[in-house]
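Visitor: I am new to this structure and would like to learn how to read it. Could you take me through a few features?

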Amino acid sequence: MTVRTHLVTGPGGAGVTTACAALAAHAAAAGTTVTLAVLHHDGSLPTVPPTVHVEDLSTPAPWGLWADALALTVERYGGDADTVEQWPMLPTARRCHALARLAAICRTSGLTIVDLGDLRAAQDFLGAAIQLSWSLSRLLGVQPALTRGTGGAIPRLLRETVDAVETAVDVLRAPTTALHVVSRPDERSIRRIRYGVPGLLLTEVHPGTLWWNTAGVAPPGPMEPSDRPDGHGWSPFIEETAPLDPPAGIEQIAAVATAILDRPARHDGESPLVDLSRGQVSWRLPLPWTQADNVHLVHRGEDLLVTVHGVEHLVVPPAVLRRGIPVQAALDGAALTVQADLPAQAWRGRDDEAMA
């Protein structure tokens, strides 16, 4: 079974939730088994067919084993039992649960549509996946201390949580997962997607469709030079235009829905990790619509902190690049390219013996 996942976001009020419901309804009408996952089910979701399975990722988790392990630790160190009751309410605990649930849903559902909410909520969620994976995996290094202080329960549960979060990251970065942006074709919305979307792509999710919602407005015509990104248009996204008017039903958006749901995640036809020469490697990440003065890049150990339009993003390079010595970073308006020199012992190729 081919597992497909479509992530949907956009400026607030652009019709993201309506688009998700319409896509789910269209897929269900075609006989596809579809799951609609929402980050924040606030009651605004339009009515969907009963064949669409709706999952609310914000539902509090039954933290069972975690709560028991935490209770034992709190009791051992003389803490307040109220801590145990409040722990599941922490944003990090909720985010771990939402990521684990999303990974489980996407593995078992043939088609999953995820309502990420507006651009800010999408960045919080996708960024949290990378941050949590980075932080939790490093906590594994202190397992001996945790075992001595708390017994074996917390280290075991920590490993399980790391596995769940890393599985979610794998799902989000999978070739069968695509990020779609729904936007109004007005100046304010255009400015917000130009500023908000590039950072989402630093999580290595694949760009999909930029859907112009023309409900109640004229279709987007020729844009002023200040509105349209220079040189590359709206690439790497593919543009589609259709009104999102809930009372009109799914017929209005049938062509766009079919194009989005049937189109695989877009690729350049080559790996983002490119061997430039025997001792150098290059890593290319989509970072469209930006200029050098919009981006600031610094190293934190083996990782990168990339600030785009004032928002900081943690970027974890591939293992082979982390073993190298960074020599150059370049931005061409479409992508960020990082190059590193590799020590001879860092390369594991077929002709290692010839190199020795």
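Visitor: Which residue in strand 12 does Val306 stand opposite?

Guide: Val306 faces His313 in strand 12. Strands here are DSSP runs (E, at least two residues), numbered from the N terminus. This is a predicted model, where local features need pLDDT of at least 70, side-chain atom pairs count only at pLDDT 80 or more, and totals for chains, interfaces and linings use all residues. Residues are numbered from 1 along each chain as its sequence is written, and side-chain values use heavy atoms, with hydrogens and water left out.

Visitor: How many bridges join strand 11 and strand 12?

Guide: Two strands pair if DSSP finds at least two bridges between them. Strand 11 (residues 303-308) and strand 12 have 5 bridges, in the antiparallel sense. They belong to an open sheet of 3 strands in the order 10-11-12, with antiparallel pairing. Its edge strands, strand 10 (295-300) and strand 12 (311-315), each pair on one side only.

Visitor: Let us move to Thr35. Is Thr35 buried or exposed?

Guide: Buried means under 20% relative accessible area, exposed over 50%, and partly exposed in between (1.4 Å probe, protein chains only). Thr35 has 8%, so Thr35 is buried. Thr35 sits in strand 2 (residues 34-38).

Visitor: Which side chain does the side chain of Thr35 join in a polar contact?

Guide: A polar contact is a pair of N or O atoms within 3.5 Å; within protein, one must be able to donate a hydrogen and the other to accept it, and residues adjacent in sequence count only if both atoms are side-chain atoms. The partner is Ser109, at 3.1 Å.

Visitor: How many disulfides are there?

Guide: A disulfide is a covalent bond between the sulfur atoms of two cysteines. The rule used here asks for a pair of cysteine sulfur atoms within 2.5 Å, and the count is 0. Cys106 is buried at 2%, and Cys96 is also buried, at 11%.

Visitor: What about the aromatic rings: how many pairs does the whole structure hold?

Guide: Rings of Phe, Tyr and Trp (its six-membered ring) pair if their centres lie within 6.5 Å; planes under 30 degrees apart count as stacked, over 60 as edge-to-face and the rest as tilted. The search finds 3 aromatic pairs. Trp234 and Trp289 have ring centres 5.0 Å apart and planes at 80 degrees, so they are edge-to-face. Those two residues are 55 residues apart in the chain, and both are buried. Phe237 and Trp289, with centres 5.9 Å apart and planes at 40 degrees, form a tilted pair.

Visitor: Which residues do the ring pairs link into a cluster?

Guide: The cluster holds Trp212, Trp234, Phe237 and Trp289.

Key: Helix = DSSP H or I, 4+ residues; strand = E, 2+ residues; numbered from the N terminus.
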